[in-house]
Amino acid sequence: METDNSNIYSGFAYVYDSFMDNIPYKDWYNYIHGILLDYNIKDGIITELACGTGTISALLAEGGYDVTGVDISSEMLEVARSKCPDSVLLLQQDIRGLDLYGSSAAMVCVCDGMNYLLDEDSLYKTLCRVRMFLDHGGIFIFDMKTRYFYENVLGSRVIAENREDSSLIWENEFHNGTDINEYLITVYNLVDKENDLFERFDELHMQRAYPVEKVKELINKAGLETAAVYNAFTKEEPSGTSERIYFVAKRV
């Protein structure tokens with residue numbers, strides 16, 4: 001089954017940061033930066049896959065790295081351009097066909113970007129492209145939400161949130177047979193304050209949970225080495241109740 005998430009983060013891109021204001025991006029950056037330093041990557045080119053609105057890319061640039069951000073959504077990249085310094089190169093690409101101008105000292109992909117790859121072949125293709133554009137000794141840091149999170153934390157829930165100029169309805173459903181989490185996002189966004197006019201748009205997002213061993217198998221199959229697997233934001237091994245897991249894959 002080929003991934004078909006190509007139409008997501010269109011209208012949602014422009015209100016994404018408003019509804020994701022609970023994410024501690026600075027803490028996430030500090031964690032990622034700590035891993036980079038563990039592998040002596042203090043400078044050089046860092047490529048962020050599925051960079052979204054560019055918050056992590058901007059922080060990496062602030063930290064002294066030369067940054068490339070890649071995302072499939074032109075709308076997300078438009079927002080990222082408004083947030084990132086001019087030094088950050090932004091490319092619209094499907095990460096399964098990643099095609100960079102040169103190699104990177106490291107790559108990162110956070111906030112569930114790899115979960116959007118709905119089949120093993122798509123995950124494998126992406127890892128192969130990562131290997132192609134990683135320096136020897138370079139690392140790929142990525143996170144993935146777990147089956148435990150989708151099934152027991154999100155489950156079949158409906159989440160509603162209001163912001164000053166927009167409202168969101170998030171209808172979630174986890175499919176046990178496929179390990180795919182499906183959520184329909186409906187957003188009402190204020191477009192004409194004087195006339196109290198809102199625009200509605202809907203997006204269907206799908207993400208897949210992968211067992212740790214399967215991810216490690218595909219990392220190794222792609223010619224990379226599984227250097228570390230962590231329970232998110234720690235250096236501890238993941239458990240059966242881990243909600244997010246970080247992988248560090250290395251090109252040797």
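Biologist: Why is Lys-125 called partly exposed?

Modeller: Keep in mind that this is a predicted model. Lys-125 has a relative accessible area of 36%.

Biologist: What makes Lys-125 and Asp-121 a salt bridge?

Modeller: The closest N and O atoms of Lys-125 and Asp-121 are 3.3 Å apart. The cut-off is within 4 Å, so the pair qualifies. Asp-121, at 37% relative accessibility, is partly exposed.

Biologist: What makes Arg-244 and Asp-112 a salt bridge that links distant parts of the chain?

Modeller: Take the distance to begin with: the closest N and O atoms are 2.7 Å apart, and within 4 Å is what is asked for, so Arg-244 and Asp-112 form a salt bridge. As for the chain, Arg-244 is in strand β11 (residues 244-250), while Asp-112 is in the loop between β4 (104-109) and α5 (120-132). The two are 132 residues apart.

Biologist: Are Arg-244 and Asp-112 buried or exposed?

Modeller: Arg-244 has a relative accessible area of 12%, and Asp-112 has 7%. Buried means under 20%, so both residues are buried. Salt bridges that share partners also join Asp-112, Asp-143, Lys-145 and Arg-244 into one network.

Biologist: Why is Thr-47 called buried?

Modeller: Thr-47 has a relative accessible area of 1%, and the cut-off is under 20%, so Thr-47 is buried. Thr-47 belongs to strand β1 (residues 45-49). Leaving aside residues up to four places away in sequence, Thr-47 touches Thr-68, Val-70, Leu-100, Ser-104, Ala-106, Met-107 and Val-108.

Biologist: Which residues have the most contacts inside the largest nonpolar core?

Modeller: They are Phe-12, Leu-36, Ile-56, Leu-60 and Tyr-246, in a core of 50 residues. Helix α2 (residues 25-38) gives the largest share of this core, seven residues. Apart from this core lies another, of 28 residues, among them Leu-134, Tyr-210, Leu-224 and Ala-249.

Biologist: What does Phe-12 touch?

Modeller: Not counting residues up to four places away in sequence, the partners of Phe-12 include Phe-19, Met-20, Leu-168 and Ile-185.

Biologist: Which residues lie nearest the centre of the largest pocket?

Modeller: Met-20, Asn-22, Lys-145, Phe-149 and Arg-244 do, out of the 30 residues that line the largest pocket. The largest pocket has a volume of about 620 Å³. Helix α6 gives the largest share of the lining, three residues.

Biologist: How many residues of the lining of the largest pocket are nonpolar, polar and charged?

Modeller: There are 20 nonpolar, three polar and seven charged residues in the lining. Lys and Arg count as charged, so Lys-145 and Arg-244, which line the pocket, are charged residues.

Notes: Residues are numbered from 1 along each chain as its sequence is written. This is a predicted model: local features need pLDDT of at least 70, side-chain atom pairs count only at pLDDT 80 or more; totals for chains, interfaces and linings use all residues. Side-chain values use heavy atoms; hydrogens and water are left out. A salt bridge is a side-chain nitrogen of Lys or Arg within 4 Å of a carboxyl oxygen of Asp or Glu. Helices (H or I, at least four residues) and strands (E, at least two) are DSSP runs, numbered from the N terminus. Buried means under 20% relative accessible area, exposed over 50%, partly exposed in between (1.4 Å probe, protein chains only). A nonpolar core is a set of buried Ala, Val, Leu, Ile, Met, Phe, Trp, Tyr and Cys residues joined through side-chain atoms within 4.5 Å. Contact means heavy atoms within 4.5 Å. On a 1 Å grid over the protein atoms alone, a cavity is a set of points where a 1.4 Å probe fits but cannot get out, and a pocket is an open set with protein on both sides within 12 Å along at least five of seven lines; lining residues have an atom within 4 Å of a point. Grid points are joined across faces, edges and corners, and a volume is the space filled by probe spheres set on the points.
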